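Dear colleague,

I am handing over the structure we spoke about, and below it you will find my notes on what turned up in it. Please read them with the structure open beside you.

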Amino acid sequence: EFMQAFQDVEAVQAKAIQHLASLVRDGSALPCLLTLTELTTCAMRTHLDSLQLQVDGCRLLLQILSQALEQDVVVPLDENVTSSLVVTVRKHSQNEEFLSLACRLLMMIATNEISAENLWKVGVIPDLLSIVRHFLPNGKICLSCCGVLWSLAVSENADQAVLRSAVPLTSAVLQEHLQSGAVAESACSALWALSLQGCLSEDEFEPTTVLLLDALRENPGRAVLVKNVCLALASLLRLSEIPALRLVTDSKGSGVNLLKDSYQLHFHNPQVVEAICMLMNEMIQYDDVLLELISLNMEELLSDIKNHFPSS
């Protein structure tokens, strides 16, 4: 009631947001998380020019959504909330501290199907690409933006034409952060989703394949990354033989040996093994590649997989 009564007074809203943050931290605000979300976004929308209020508001919303996730509470966010956040991002698109928080918040929001649809409606992807372009060295921002891209790319109403523009910058993120496991993992997930949607052009097949193999070399122990690289490569192989040939003739070492090494590290993980099998299934569709697989004794690997997973 206090926040609603003094909506136009910035100092009141700022103080109230700080007080609400303390309530959320000690768990006493759990029954009214949805109301707090609406009040916070209303304050942010009303006082758009106040950067500090936007930063504090984003922090509070992150706390609310994180706590809701921990308590298995669904906090439905309507179109007003998502559109308000995107408007704020556009207003403060040059402030790195704020964008680190806002993009992380967008990533959390985008995992909800309805919220993802709302983000499509407000046209957030060009904003994300602009942010990545300006803050490419910032791993936190790039990780979050790739996370949003993944969620939007796999959503029901994905716009392929818009998503195509995301391929070069997603690849740039992976190239920039190859040795940063979490960021590389997020970028690989986004590339997999983009490849599933058929967003890559033919001239992007080979460089993307090389980049995905580099990600695998740099991060062999990350199970999710290994799985997503294999699935992305499988998607590319369904479209063209070019990625398959690059996979077996890569100048940095055979991609087939990389798959063998990945299996040895993750043979206990059925999701990773399934992804490796899906990739190999696409590889054997091409005669030249099949001969290469035979020459590298891949039958032994397949036999080992069958022994480890007899019921699958």
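The side chains of Arg-90 and Asp-127 meet in a salt bridge, with 2.9 Å from N to O; by salt bridge I mean a side-chain nitrogen of Lys or Arg within 4 Å of a carboxyl oxygen of Asp or Glu. This pair links distant parts of the chain, since Arg-90 sits in helix α5 and Asp-127 in helix α8, 37 residues apart. Helices here (H or I, at least four residues) and strands (E, at least two) are DSSP runs, numbered from the N terminus. Asp-127 is buried, with a relative accessible area of 17%, whereas Arg-90 is partly exposed at 39%. Buried stands for under 20% relative accessible area, exposed for over 50%, and partly exposed for what lies in between, with a 1.4 Å probe and protein chains only.

Before going further, please note that this is a predicted model, in which local features need pLDDT of at least 70 and side-chain atom pairs count only at pLDDT 80 or more, while totals for chains, interfaces and linings use all residues. Residues are numbered from 1 along each chain as its sequence is written, and side-chain values use heavy atoms, with hydrogens and water left out.

Helix α8 covers residues 125-134, and its buried residues are Ile-125, Asp-127, Leu-128, Leu-129, Ile-131 and Val-132. What covers them includes α5 (79-91), α6 (96-110), α7, α9 (139-153), α10 (160-164) and α11 (167-176). Helix α7, which spans residues 113-121, holds Ser-115, a residue that is buried with a relative accessible area of 1%. Ser-115 touches Leu-77, Thr-82 and Ile-109, if residues up to four places away in sequence are not counted; contact means heavy atoms within 4.5 Å.

How many salt bridges does a search of the whole structure find? The search finds nine. One of them joins Glu-97 to Arg-59, with the closest N and O atoms 3.2 Å apart. Here too the pair links distant parts of the chain, Glu-97 being in helix α6 and Arg-59 in helix α4 (residues 51-70), 38 residues apart. Both partners are partly exposed, Glu-97 with a relative accessible area of 45% and Arg-59 with 39%.

A salt bridge of another kind of placement is found between Asp-214 and Arg-217, where the closest N and O atoms are 3.1 Å apart. These two residues both lie in helix α13, three residues apart, which is about one turn of the helix. Asp-214 is buried, with a relative accessible area of 8%, while Arg-217 counts as partly exposed at 24% relative accessibility. Elsewhere, salt bridges that share partners join Asp-56, Arg-59 and Glu-97 into one network.

Arg-217 also takes part in a helix packing. Helix α13 (residues 202-218) and helix α16 (residues 255-266) pack at an angle of about 35°, with their axes 11 Å apart; the axes are lines fitted to C-alpha atoms, for helices over the stretch in contact, and angles run from 0 to 180 degrees between N-to-C directions. Where do the two helices meet? Leu-213, Leu-216 and Arg-217 in α13 meet Gly-255, Leu-258 and Ser-262 in α16.

Is Ala-232 buried or exposed? Ala-232, which has its place in helix α14 (residues 223-239), is buried, with a relative accessible area of 1%. Leaving aside neighbours within four places in sequence, Ala-232 is in contact with Trp-192, Ser-195 and Leu-212. Ala-232 and Ala-275 are 43 residues apart in sequence, and their C-alpha atoms are 9.5 Å apart in space. Glu-282, found in helix α17 (residues 270-283), counts as buried at 14% relative accessibility, and its contacts beyond four places in sequence are with Ala-234, Leu-237 and Arg-238.

As for the whole, the protein chain has 19 helices and zero strands, and its C-alpha trace spans about 75 × 40 × 30 Å along the principal axes. Buried residues make up 51% of the 312 residues. Among contacts between residues at least 6 apart in sequence, 74% join residues at least 24 apart.
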